[in-house]
Amino acid sequence: MQPIDPSVIQNRIDNLRDRDLYIHLEMTTGAYAAHRDSSKHPAATFISNALIRFSHGSVSGGGPFRVGLKMPHGWVYSEGLTHYEETDSERLIMAGHDREGKLVVALQLSPQPF
Amino acid sequence: MEQRVLVLLPHPDDEAFGLSATLAEHVRNGDPVTYACLTLGEMGRNMGVPPFANRVTLPEIRKAELEESCRAIGIRDLRMLGYHDKTIEFEDQDKLDADIDALLQELRPTTVYTFYPGYSVHPDHDATGAAVVRTIGRLPRNERPVVLCLAFANNLEQGIGQPDVVRDVSANLKQKLASIQAHRSQFQVAEWVSGDVPLEKAMQERFGTERFWTYRFD
């Protein structure tokens, strides 16, 4: 994984427009958040391999980055993205890692199921 | 007397801190040990420092780490059951129980290690322990193995009291450290060693004892 370069990400988003894509979208505090600190509210959510299509998408912000994808009937939105997988050319794999390197958020798009 | 050991835990690395030294002792005694790991921990948040894994590559990386950990402990029979991380509590219970029952019938363990249901923090831990005691509870009383549970919930003393099996595992700390270090995407051993405390001393203080609660079926 490499730190996000928004121009690279924008290019990749544009290449995925108007196609059926499998999405993995996730956000998590980790299952141990409340065990370690009872003031924390543990939350995690993911959707894996749902099929979407977007007509228009962009990356925004100065880092961590936001991504918004406009679909026929709604939006995909993700904030806090810091890294992407530079070696994967077919798929767009992005994640947000906190200061300890732990994954907080992930947004992945692929023509094939993950 | 030879014990036949079956370990049922949901995530690669669940074995490392809680019972890897105990399992190394079983191996040393010649007890056959089977470790059935339900998932590949594919939803883990730790990707290494700096991150060398991602959501897509993590399952294969953790599978290799699990195999390395088993080699370090001396476990030769590792079964990966193919469930998905975070979903054990939502799985079809009949399927889950049937998989566990098949292992019990095949291996006829005398001792089973798992998580104590309700006192093990992660929903996958609790659901795995619940499935294990549910399935073993269906066996005739005289065929049930001893079930030794890991537990680490903050409220466990009020609920299940003190562990009744406490083992000094100093003799097997080397295997334990190697098991923990095998899971390099998940743990950074260097972070535990502060300044002038040597690794072995830090390990002894932190990991020199393993604790279990015997599950009571009645």
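This is a predicted model: local features need pLDDT of at least 70, side-chain atom pairs count only at pLDDT 80 or more; totals for chains, interfaces and linings use all residues.
Colleague: Where is Arg79(B) found, and with what is Arg79(B) in contact beyond its neighbours in sequence?

Modeller: Arg79(B) belongs to strand β3 of chain B, residues 77-83. Leaving aside neighbours within four places in sequence, Arg79(B) is in contact with Thr34(B) and Ala36(B). As for Tyr35(B), 44 residues away along the chain, its C-alpha atom is separated from that of Arg79(B) by 6.1 Å.

Colleague: Nice. On to the helices: how do you know how α1(B) and α6(B) pack?

Modeller: Two packed helices are described by the angle between their axes and the distance between the axes. For α1(B) (residues 14-28) and α6(B) (residues 173-182), the angle is about 145 degrees and the axes are 8 Å apart. Their crossing is right-handed.

Colleague: Which residues make that contact?

Modeller: From α1(B) come Glu15(B), Ala16(B), Phe17(B), Ser20(B), Ala21(B) and Ala24(B). Helix α6(B) brings Leu173(B), Gln175(B), Lys176(B), Ser179(B) and Ile180(B). By class, the contact has 6 nonpolar, 3 polar and 2 charged residues.

Colleague: Let's turn to chain A. What makes β4 and β6 of chain A edge strands?

Modeller: Each of them, β4 (56-60) and β6 (74-81), pairs on one side only. They belong to an open sheet of 3 strands, in the order β4-β5-β6 and with antiparallel pairing. The twist averages 10 degrees from one strand to the next.

Colleague: And how do you know that β4(A) and β5(A) pair?

Modeller: The two are joined by 5 bridges. Pairing takes at least two bridges, so β4(A) and β5(A), with 5, do pair. One example is His56(A), whose bridge partner in β5(A) is Lys70(A).

Colleague: What lies across those two strands?

Modeller: That is helix α1 of chain A, residues 6-15, which runs at about 170 degrees to β4(A).

Colleague: Finally, how many residues are in contact between chains A and B?

Modeller: Chain A has 18 residues in contact with 13 residues of chain B. On the side of chain A, β2 (21-28), β8 (92-97) and β9 (103-110) are the elements that give two or more residues. That side has 8 nonpolar, 8 polar and 2 charged residues.

Key:
Residues are numbered from 1 along each chain as its sequence is written. Chains are lettered from A and ligands numbered from 1 in the order in which they are written. Axes are lines fitted to C-alpha atoms, for helices over the stretch in contact, and angles run from 0 to 180 degrees between N-to-C directions. Helices (H or I, at least four residues) and strands (E, at least two) are DSSP runs, numbered from the N terminus. A crossing is left-handed if the near helix is turned anticlockwise from the far one by less than a right angle, and right-handed if clockwise. Two residues are in contact if their C-beta atoms, placed from the backbone, lie within 7 Å. Ala, Val, Leu, Ile, Met, Phe, Trp, Tyr, Cys and Pro count as nonpolar, Asp, Glu, Lys and Arg as charged, and the others, Gly among them, as polar.
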